[in-house]
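Subject: Structure handover

Hello,

Please find the structure below. My notes on what was found in it follow.

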Amino acid sequence: MKKYGIFMVTVVFLTGIMLPVLSTSVQAADNSNSCVLMKFVNKTRFKKLAPEAKISDLVMEKLVASGKLHLKETRPIDETIEQELYDDKYRFEKKVAKVEEGNYDALFDNKEADSMSNAYQGQEISPELTSSIGKKHGAEYLIQGTIYGVSRGKAEDAKTSFWTSMTGMIAGKAGGDIGKMVSSVLRDTKKIYSGVDIQSDLRVIRASTGEVVWQKGVTAECRQEKVELGNIASVGTDKISMNLYEMALDQAAQKIVDELLVDVDKGLLLTGN
């Protein structure tokens, strides 16, 4: 009975030691390759339209649905990075400080990004900034995107115009009033493509060092067509609608997420525990 009591005391003692250790190990594993998506930065002229909010939500939705990333948040985090730490005064004072220390190469150093929103792979962003955000959200990596172009595209289908014009000429040579009417319509028939183009990019930043470990950009084109039958009638529209705009944003979000997940599937980043 005495031996049994000593055994139980030993078990309880060891359990008290091992449980915190195991808990810490599990927590460390849970944080491995963890990441958060930051709200996109809007570099377009359409500030009131706020495309950055919509594309941020779309990218987050697609990342969550993929189930391939260890996301610490299920909504984009909103950090005022550009305004707080990457204004001209901040960058100037930082370079001056390095020059005063005798480091004149700092004036010509391109390794440090001018801002988070245009940093490319291999550049570094202020570790003080990125590490504080990483610790705040318990993430090893920050995923950040920029939308820098929203434009309207419009073009005429030259191939369609050529063949309708040729057919019109043949019909006209056939003679008669009907032939002339058909010729007039066909020669003026046009197929016009219009739509919305979205230019955006995405980058993955190692929070502890500020290093941009991955970055890619995409252009998404959402098109519609309109056929003009001379001056008689038309089919379709070339007017830009909110629905077309939102479809273009969705396509841009899907393309940039696909680019990221391709490299995740290859084991190039954000994989394993």
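Helices here are DSSP runs of H or I with at least four residues, and strands are runs of E with at least two, both numbered from the N terminus. This is a predicted model, in which local features need pLDDT of at least 70 and side-chain atom pairs count only at pLDDT 80 or more, while totals for chains, interfaces and linings use all residues. Residues are numbered from 1 along each chain as its sequence is written, and side-chain values use heavy atoms, leaving out hydrogens and water.

Helix α5 (residues 127–137) contains Thr130. Thr130 has a relative accessible area of 0%, so it counts as buried (under 20%; exposed is over 50%, partly exposed in between; 1.4 Å probe, protein chains only). Its side chain reaches the backbone oxygen of Pro127 at 3.4 Å. Leaving aside residues up to four places away in sequence, Thr130 touches Met116, Ile125, Leu142, Ile205, Arg206, Ala207, Thr209 and Gly210 (contact: heavy atoms within 4.5 Å).

Helix α8 covers residues 242–265. Its 24 residues should span 34 Å at 1.5 Å a residue, and the end C-alpha atoms are 34 Å apart, which agrees; the expected span is 1.5 Å times one less than the number of residues. The buried residues of α8 include Leu244, Tyr245, Ala248, Leu249 and Asp263. After α8 comes Gly267, with a positive phi near 80°.

On cysteines, the search of the whole structure found zero disulfides (pairs of cysteine sulfur atoms within 2.5 Å). Cys35 is buried at 0% relative accessible area, and Cys222 is buried at 2%.

Regards

Notes. A polar contact is a pair of N or O atoms within 3.5 Å; within protein, one must be able to donate a hydrogen and the other to accept it, and residues adjacent in sequence count only if both atoms are side-chain atoms.
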